[in-house]
Amino acid sequence: MGNKQSVFTESQLETYQDCTFFTSKEIMTLYRRFHSLSPDLVPTDMKEDDKSLIKVPYEDIINMSELRENPFKRRICEVFSEDGDGSLSFDDFLDMMSVFSDSAPTDLKAYYAFHIYDFDQDKFLGKYDLEQTLKCITREELKASEVQLIVNQVLHEGDLDDDGKLSYIEFEHVISRAPDFLSLFHIRV
């Protein structure tokens with residue numbers, strides 16, 4: 001390899017490949033993308049362990065074209081942020097991009113979609129979560145009565161145990177009947 005500078009060690013790249021759906025080339029592309037979000041903060045050499053702890057603030061992450069117009073950008077960043085504040089380390093960023101990649105399996109996408117829609121983070125999708133999800137999806141263009149009608153219909157059809165909320169299993173059942181739902185759950189690298 002001569003004097004060629006490498007951002008990661010071979011071991012780091014292998015670990016990233018093992019833990020994501022990306023090749024080493026794609027990982028390097030994503031690193032350059034991450035670095036470009038905050039070049040003064042993200043080092044050009046990530047070989048030391050503490051370098052992977054550097055976090056790009058939420059305000060910089062949402063400058064990505066793929067997130068800028070996404071109505072769920074705050075929840076996406078919060079869910080993938082290790083501490084939940086929306087700031088992302090490179091590991092967090094790579095996890096996020098991996099889940100949104102075309103190669104990620106449907107069950108993984110469903111798992112993260114559930115957590116993104118769980119606004120109150122109680123591990124269920126209740127009326128509040130479904131209302132917030134609808135408001136995001138429709139960019140608050142529905143009347144309150146229309147939102148309530150849809151929320152009630154989703155719960156009527158999906159709440160199999162009649163507890164007034166969707167568990168993860170019930171959510172999986174609901175989205176299994178909407179095959180296009182998760183096909184939109186992606187970001188291209």
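A nonpolar core here is a set of buried Ala, Val, Leu, Ile, Met, Phe, Trp, Tyr and Cys residues joined through side-chain atoms within 4.5 Å. Keep in mind that this is a predicted model.

Start with Phe8, Phe90, Phe93 and Met96: of the 50 residues in the largest nonpolar core, these touch the most other members. Now zoom in on Phe8, which counts as buried because its relative accessibility is 2%, against a cut-off of under 20%. Beyond its sequence neighbours up to four places away, Phe8 touches Leu13, Tyr16, Ile27, Met28, Tyr31, Met46, Lys47 and Phe90.

Next, look at the rings. The structure holds 15 aromatic pairs. Phe8 and Tyr16 make an edge-to-face one, 5.4 Å centre to centre with 80° between the planes. Tyr16 is buried too, at 11% relative accessibility.

What does the Thr20 side chain have polar atoms close to, at 2.7 Å and 3.2 Å? The backbone oxygen of Tyr16 is at 2.7 Å, and the backbone nitrogen of Phe22 is at 3.2 Å. Leaving aside neighbours within four places in sequence, Thr20 is in contact with Ile27, Leu94 and Ser98.

For another group of rings, select Phe72, Phe80, Phe100, Tyr111, Tyr112, Phe114, Tyr117, Tyr168 and Phe171, which ring pairs link into a cluster. Within this selection, Tyr117 and Phe171 are both buried.

Last stop: charges over rings. The charged end of Arg75 sits over the ring of Phe119, 5.7 Å from its centre, and that of Lys165 sits over the ring of Phe124, at 4.2 Å.

Key:
Residues numbered from 1 in each chain as written. Predicted model: local features only at pLDDT ≥ 70, side-chain atom pairs only at ≥ 80, totals over all residues. Heavy atoms only, no water. Buried < 20%, exposed > 50% of the residue type's maximum accessible area, 1.4 Å probe, protein only. Contact = heavy atoms within 4.5 Å. Polar contact = N/O pair within 3.5 Å; in protein donor to acceptor, adjacent residues only side chain to side chain. Phe/Tyr/Trp six-rings, centres within 6.5 Å; stacked < 30°, edge-to-face > 60°. Lys NZ or Arg CZ within 6 Å of the ring centre and 35° of its normal.
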